[in-house]
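Please read the following account alongside the sequence and the model. It goes through the structure one part at a time.

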Amino acid sequence: MTDTSYTRLRLSLMLLTLGLSLVPLFALGFVIDSEFRESYGDKLTSNLKLVAHNKADALDVFLTERVVQLEMVAGMNTLDSLSNQQALELVFDTVHEASPSIIDLGVIGQNGRHVAYSGPFDLRDVNYKDEPWFHQAMLKGLYISDVFMGFRNFPHFIIAVKRREGGRTWILRATIDSDIFTGLVRNVQSGASGDAYLVNREGVLQTPSRFGGKVLGQASLPAYRPSGDVDVVRWTEDGTELVAGIAPLAHTDWRLVVIENQQEELSPLLRAQSLIFGLFLICALMIAAGAYLSVGSVVKRLQKADKARAAMDAAVVQSNKMASLGKLAAGVAHEINNPLSIIRESAGWIRDIINDGELGESTAVDDLQEATSDIERHVERARTVTHRMLGFARRMEPLQEDVDLNMLARQTVSFLENEIRHRNIEVECRFDQDLPLITTDANQIQQVILNLLENAIDAIGHDGCIEVETRPGDGAVVMDIADSGEGISPENVSKVFDPFFTTKPTGEGTGLGLSIVYSTLKKLGGGIDVRSERGVGTTFTITLPLVHVSIPGRQEESWTE
Amino acid sequence: MDRVRVLVVDDEADFLKLIKRRLEKRNVEVSVAPGGREALDHLAGQPTDVVILDVRMPGMSGIDTLKEIRKRYRETEVIMLTGHGSVQSGIEGISHGAYDYMLKPFNIDDLLERIRAACERARLKKAERERA
């Protein structure tokens, strides 16, 4: 698996994890938000309707109280008694004291003329027979007017009740203070941009609007179809979303309009939304971080496992290669040894003939002697090769004995002292004095060390340094044999343990030394590694377990005749 | 000392020809046989001091031939020859009663030395038997 594949895998896992975590999270967030918004909106609307309804009721009660007051005054007095100015003023004082919103009282005869009047204005001779409200009052018995300017030239409205007394009909009329009424309406206003006012059927303001609408001006309400109950109307004005609760009053055609700024009313919801959004963002970041870390960790472990498996596969391949080549080597060596014997015996026979003097004495005999020697020398060389091949192929159970690797290394170095001195090579030994003993086959380990030291000497040639170091490892002992030779080229490093691989000139190396070292160490439960740098040198690191236990069933193959 | 009588058993005819010539030159009486059965036939008719026996042969193998020789001719010594170059096949031969073994290719003088040593042992064994 390449690095790109791991990156792709990491990305896929990240996307999958994030998708499976974040999609439900955001779906949940969306559902919560929309449900919350809807229910909060519903609650605001019903609250607005309730406020409008209650206030309209309160205004109705106010008007009813005034009407009842007037009806009581009219019912408890006669036209004659109230036509008396002093008596009317006495009644007015009582009424005004009880209801300061009633700012005057007038008694009007059936001809429309003021019979008596008590109040701050001079209206005693005013005749209302042409006023529409007078006819309405005479007709219906009760009349509550819209707000109008009238003779007084300020916004007010009147309540008139009709009284039938014997054959006479008269009207008791009162002017209601608009300011008190406006105050009542304004109590309903809420928030910084809320508004509340009364409008009549034509949408004319009966009380002033908070934001510029004067009494008798036109209210800026959108058209809507009245339902007879509280209506809710929504619209946008100058980019502001407004909602109005419109409640009709029982005694008049007036409607109480309570306006709220939607955004302002929704601000607690928006604050909650911001909080929820923040929480969701934190959750998403935590999920992303968690996914990144866990996916990273998983992919790293996978990478490590793949690497270990690849190394194991390579080791198995190497081991199989060794086994196959071992069998091949054994067969080849055997087949070569027989003809070698014949060649050698043939040469020996020639030598026997020469030695018997059967050929006399001539220069040809000397040449023949030389040729025979050459044959024998090369047969010997070939024999060495076949014997090494057979040594490579041999699979014998190793001995188990306590071995001091330091001592073994020191002894092996001493075998090569003459060669080392002759080539002016310095050998530096750094042995760990506390190195534990290992249970292994001393002879085979000595062969391994000898082989590696011979290779190091060959790599250096003349004038150089070999470092031999031992140290304890994890349940094992480790030995480095480093030379200051030319080093091995990177393309050759991976081949050094292959059988028959050699960089030495033809005839000087069999290419079996390091593969024998490799298979010997594997057989003993150890291993070998090589690091090399061109121009710096090569280090072979061998590892041997403290105790090598042969596993039944995994006995190395052996061959028999 | 009488001439040593040696039987060389190997499936390589050239090898037999050469070894016969060279040993005869060294005053050894040499017979040859190309296989185990021929060797046993020869031994039935000719008294032999030492048999030089190749381990790997077609037909009757060296080890089987050795076992037969040991059964029939207790005073004849056997030296095994092996092309495997390993101690193991030699040891296998010795465990079945061979006197010694040699790895191919070998030095003729080394072989001669072993033949003589084998003869000496055969002689001692014979003397011991006669005493008994």
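The model is predicted, and the values given here are computed from it. Chain B contains five helices and five strands. Of the 132 residues in chain B, 51% are buried. Among contacts in chain B with a separation of 6 or more, 61% are between residues 24 or more positions apart. The accessible surface of this chain is about 6,400 Å², and carbon and sulfur atoms account for 45% of that surface.

I79(B) is part of strand β4, which covers residues 77-82. Its relative accessibility is 0%, so I79(B) is classed as buried. Beyond its neighbours within four places in sequence, I79(B) touches residues from several stretches of the chain, including V50(B), V51(B), I52(B) and L53(B), as well as Y99(B), D100(B), Y101(B) and M102(B). R114(B), I115(B) and A118(B) are also in contact with I79(B). For L53(B), 26 residues away along the chain, the C-alpha atom lies 6.1 Å from that of I79(B).

The next topic is the interface. The size of an interface is often given as the accessible area lost when the parts come together. Between chain A and chain B the buried area is about 2,400 Å², with 57% of it from carbon and sulfur atoms. The contact involves 26 residues of chain A and 25 residues of chain B. Nine residue pairs are in polar contact across this interface, counting pairs with both residues at pLDDT 80 or more. On the chain A side, α7 (267-355) and α8 (363-393) each provide at least two of the residues that touch chain B. The largest share, 16 residues, comes from α7(A). By class, this side of chain A consists of 10 nonpolar, seven polar and nine charged residues.

Salt bridges occur both across the interface and within the chains. The count over all chains is 33, and five salt bridges cross between chain A and chain B. In one salt bridge, the side chain of R22(B) meets that of E345(A), with an N to O distance of 3.0 Å.

Within chain A, R351(A) and E376(A) form a salt bridge whose closest N and O atoms are 2.9 Å apart. This pair links helix α7, which holds R351(A), to helix α8, which holds E376(A), across 25 residues of sequence. R351(A) is buried at 19% relative accessible area, whereas E376(A) is partly exposed at 23%.

Within chain B, D109(B) and R26(B) form a salt bridge at 3.6 Å between the closest N and O atoms. D109(B) belongs to helix α5 (residues 108-131) and R26(B) to the loop between α1 (13-25) and β2 (28-33), so the pair ties together parts 83 residues apart in sequence. D109(B) is partly exposed, with 43% relative accessibility, while R26(B) is buried at 18%. R123(B) and E120(B) also form a salt bridge, with the closest N and O atoms 2.5 Å apart. These two residues are three apart in helix α5 of chain B, which means that about one helical turn separates them. Both are partly exposed, R123(B) at 46% and E120(B) at 34%. Finally, salt bridges with shared partners connect E345(A), D352(A), R22(B), R26(B) and D109(B) in one network.

Note on methods: Residues are numbered from 1 along each chain as its sequence is written. Chains are lettered from A and ligands numbered from 1 in the order in which they are written. This is a predicted model: local features need pLDDT of at least 70, side-chain atom pairs count only at pLDDT 80 or more; totals for chains, interfaces and linings use all residues. Side-chain values use heavy atoms; hydrogens and water are left out. Helices (H or I, at least four residues) and strands (E, at least two) are DSSP runs, numbered from the N terminus. Buried means under 20% relative accessible area, exposed over 50%, partly exposed in between (1.4 Å probe, protein chains only). Contact means heavy atoms within 4.5 Å. Accessible areas come from the Shrake-Rupley method with a 1.4 Å probe; for residues, only the protein chains shown count as cover. Buried area is the accessible area (1.4 Å probe) that two parts lose on being put together, summed over both. A salt bridge is a side-chain nitrogen of Lys or Arg within 4 Å of a carboxyl oxygen of Asp or Glu. A polar contact is a pair of N or O atoms within 3.5 Å; within protein, one must be able to donate a hydrogen and the other to accept it, and residues adjacent in sequence count only if both atoms are side-chain atoms. Ala, Val, Leu, Ile, Met, Phe, Trp, Tyr, Cys and Pro count as nonpolar, Asp, Glu, Lys and Arg as charged, and the others, Gly among them, as polar.
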